[in-house]
Amino acid sequence: MHRRDFLTCGAYAALAFAFAPSARRVIAGEPAADTVVTKDFARVQKVGEGLWSVVSTPMRDGKFFPTTICNGGLVAGKEGVLAVEGFNTPEGAAWLSDLSVELTGRRPTHVVLTHFHADHSAGLAGYPRGAEAPAIVATKETRRLLLEKLHKDPPAGEGEFAKAGTKLLLPDTILVDPAKPVSIDLGGRTARLVPRGGHTPSDLTVEVDGPRVLFAGDLYFNGFFPYFGDAIPSRLAETVAAIRKEDHAVYVPGHGPLSDAAQLAPYAALLEDVGAAARRAVEKGTPAGEAWKSYAIPESLGAWTLFRPEFAKFAFEAWERELRAK
Ligand SMILES: [Zn+2]
């Protein structure tokens, strides 16, 4: 895949926020969580004792704030702090590292990457401070994809995404078994890393108890039509069905506001609807490049920001790829 295609996930995400209202709306299904820090590029909400989410807001009042772009968070125990995501820039990761000191008294000891996309990974170099370098944790496949798609073809400076010359880091702690969850003991708090897939060939969710919080990475886009550029759509639908059933108190999506389990219903219905339309097109022999143009999201599924019309095209193409490969 060409670098431009790879970059679109973040670039499109940014455009989505360009159309979002600058004032915060109260969204049905958004769990109560105190906002403890507000920056131009993100807000930080306390979702439990020793638990914080980062919800990025990269566009506001017509301006672009690329510091973090994706969502993430902090999970603190007595002996360690786990940061979720590497973010879009080293400045974004360094900001969360400093915030970790303010909120927990220490810098992150672990960083977990949910998947390879640059808006979640290009900022990793912002975490290490001299001898205080956290373990950077990812799956074996995510490491391979990072090497193949980002490190061998680094950003050339398009202005809207990870900057040219950004120092890129690779994960150093690898989950080798693609089917086996791993627990990290942070001291009185355990973070479970669950290998899943569908948004990319390898995604991870980060899950904790007390309250039950699931950091979904880009397996979950809340309020925005998801990016299908690297998706395996049938697997994505299965994964979303599985995480919905687990009924966590708080779901932290990869992009968009926090939600509860009920709020995943319209997202799952959207995946089902676009999948059904794309499968019908393949059955009729209509190429994805044509079929997507007549797709409209049913009003019954509520309001979804379609970042650009082509976002539906990526969904149809992903289904076509998958069905033709069978
Ligand atoms: Zn992504």
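Here are some questions and answers on the zinc site, a cavity and some aromatic pairs in this predicted model.

Residues are numbered from 1 along each chain as its sequence is written, and side-chain values use heavy atoms, with hydrogens and water left out. Since the model is predicted, local features need pLDDT of at least 70 and side-chain atom pairs pLDDT 80 or more, while totals for chains, interfaces and linings use all residues.

Q: What makes His115, His117, His199 and Asp218 donor residues of the zinc ion?
A: Donors are N, O and S atoms within 2.8 Å of the metal (3.2 Å for Na, K and Ca), and water is not among the atoms, so sites may look incomplete. Here His115 (NE2), His117 (ND1), His199 (NE2) and Asp218 (OD) sit at 2.2 to 2.3 Å, so they count as donors. Along the sequence they follow the spacing H-x1-H-x81-H-x18-D.

Q: Why is the site of the zinc ion called irregular?
A: Four donors are tetrahedral if all angles lie between 85 and 135 degrees; four are square planar and six octahedral if opposite donors are over 155 degrees apart and all others between 65 and 115; anything else is irregular. The angles among the four donor atoms run from 90 to 169 degrees, and the site comes out irregular.

Q: Why does Ala118 count as buried?
A: Buried means under 20% relative accessible area, exposed over 50% and partly exposed in between (1.4 Å probe, protein chains only). Ala118 has 2% relative accessibility, so buried it is. His115 and His117 are both buried too.

Q: Why is the pair of Tyr227 and Phe314 called edge-to-face?
A: Rings of Phe, Tyr and Trp (its six-membered ring) pair if their centres lie within 6.5 Å; planes under 30 degrees apart are stacked, over 60 edge-to-face and the rest tilted. Tyr227 and Phe314 are 5.8 Å centre to centre with 80 degrees between the planes, hence edge-to-face.

Q: What makes the pair of Tyr227 and Phe311 tilted?
A: The centres are 5.8 Å apart and the planes 45 degrees, so the pair falls into the rest, tilted. Tyr227 is buried at 3% relative accessible area, and Phe311 at 0%.

Q: How do you know that the lining of the largest cavity has one charged residue?
A: Asp, Glu, Lys and Arg count as charged; Ala, Val, Leu, Ile, Met, Phe, Trp, Tyr, Cys and Pro as nonpolar; the others, Gly among them, as polar. The lining includes Glu85, which is charged by that rule. The class tally is five nonpolar, four polar and one charged.

Methods. 1 Å grid on protein atoms, 1.4 Å probe; cavity = no way out; pocket = protein on both sides within 12 Å on 5 of 7 lines; lining within 4 Å.
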